[in-house]
Amino acid sequence: MRRFLAPLQLAYHFIVPIAGCILVQMDGPRFGPWGALGIAIGLFVYSYLQWALVATERLSGGASRIWILQLVGIVLIGVLVRANWKDWIIEQMFLEAVSFSLGIAVLALYKAGKEQHEKMKPPWFLIILVFCLPAGLLVWYILPAWLHRHSEAPTWEWLVFGLAFLIGVGTAFRTMKPFAMADDHLVEPLDRGWKIGFIAVWLIFLLCVLVWLADKG
């Protein structure tokens, strides 16, 4: 089962975010060169981290219960957009970007709160700067675009997206919690030369495509 799921997970995490950015830039809100650079770096970190998570799951041999929750979110978005593939990619990209970033921010605050309770001194300024600020900026940037797409949506669509969003935040929190709390360790996914080459090409591809899209906008 893991041998079958792992390639699907990686394809999903690598392809959907960049495809969503391309579709949004072609038919929606525009981002400039600096925005393109920030998005490219964010997508690179996201895809590398997801690769490490998949590699860790595969090595441990455990069933991917978290991936089942992700599938529920994917199906909910499919229902929301009535199985329109283009709208699904855009909505799923919005969901992934904000929910994953917000889930990590919540986890960082959770860990800092635990350390504070144990009479330690967590780096609050660094936590807010590195984890909370990017999540806040994503919400600030993406929420108006989503509202524009659903300004006349019925209540059930808001409820469906809200449920999918909560699943996404909870999934990010639960997935990363063992590693943030030092209960487990992530596996280095770049254990072979071709993988290092691939991730380097992926970074160059992200930079080139997104900067090109920004110029076109």
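Predicted model: local features only at pLDDT ≥ 70, side-chain atom pairs only at ≥ 80, totals over all residues.
**Exercise 1.** Determine which kind of aromatic pair Tyr 110 and Phe 173 form, and which helices the pair ties together.

*Solution.* The centres of the two rings are 5.6 Å apart, and ring centres must lie within 6.5 Å to count as a pair. The planes of Tyr 110 and Phe 173 stand at 80 degrees, and because an angle over 60 degrees counts as edge-to-face, the pair belongs to that class. Tyr 110 lies in helix 4 and Phe 173 in helix 6 (residues 155-180), so the pair ties together parts that are 63 residues apart in sequence.

**Exercise 2.** Decide for Tyr 110 and for Phe 173 whether the residue is buried, partly exposed or exposed.

*Solution.* Buried requires a relative accessible area under 20% and exposed one over 50%. Tyr 110, with 31%, is therefore partly exposed, whereas Phe 173, with 17%, is buried.

**Exercise 3.** Check whether the span of helix 4 (residues 85-117) agrees with its number of residues, and describe what lies at its two ends.

*Solution.* At 1.5 Å a residue, the 33 residues of helix 4 should span 48 Å, and the end C-alpha atoms are 47 Å apart, which agrees. After the helix comes Lys 119, whose phi is positive, near 65 degrees.

How values were computed
Residues numbered from 1 in each chain as written. Heavy atoms only, no water. Helix = DSSP H or I, 4+ residues; strand = E, 2+ residues; numbered from the N terminus. Expected span 1.5 Å × (residues − 1). Polar contact = N/O pair within 3.5 Å; in protein donor to acceptor, adjacent residues only side chain to side chain. Phe/Tyr/Trp six-rings, centres within 6.5 Å; stacked < 30°, edge-to-face > 60°. Buried < 20%, exposed > 50% of the residue type's maximum accessible area, 1.4 Å probe, protein only.
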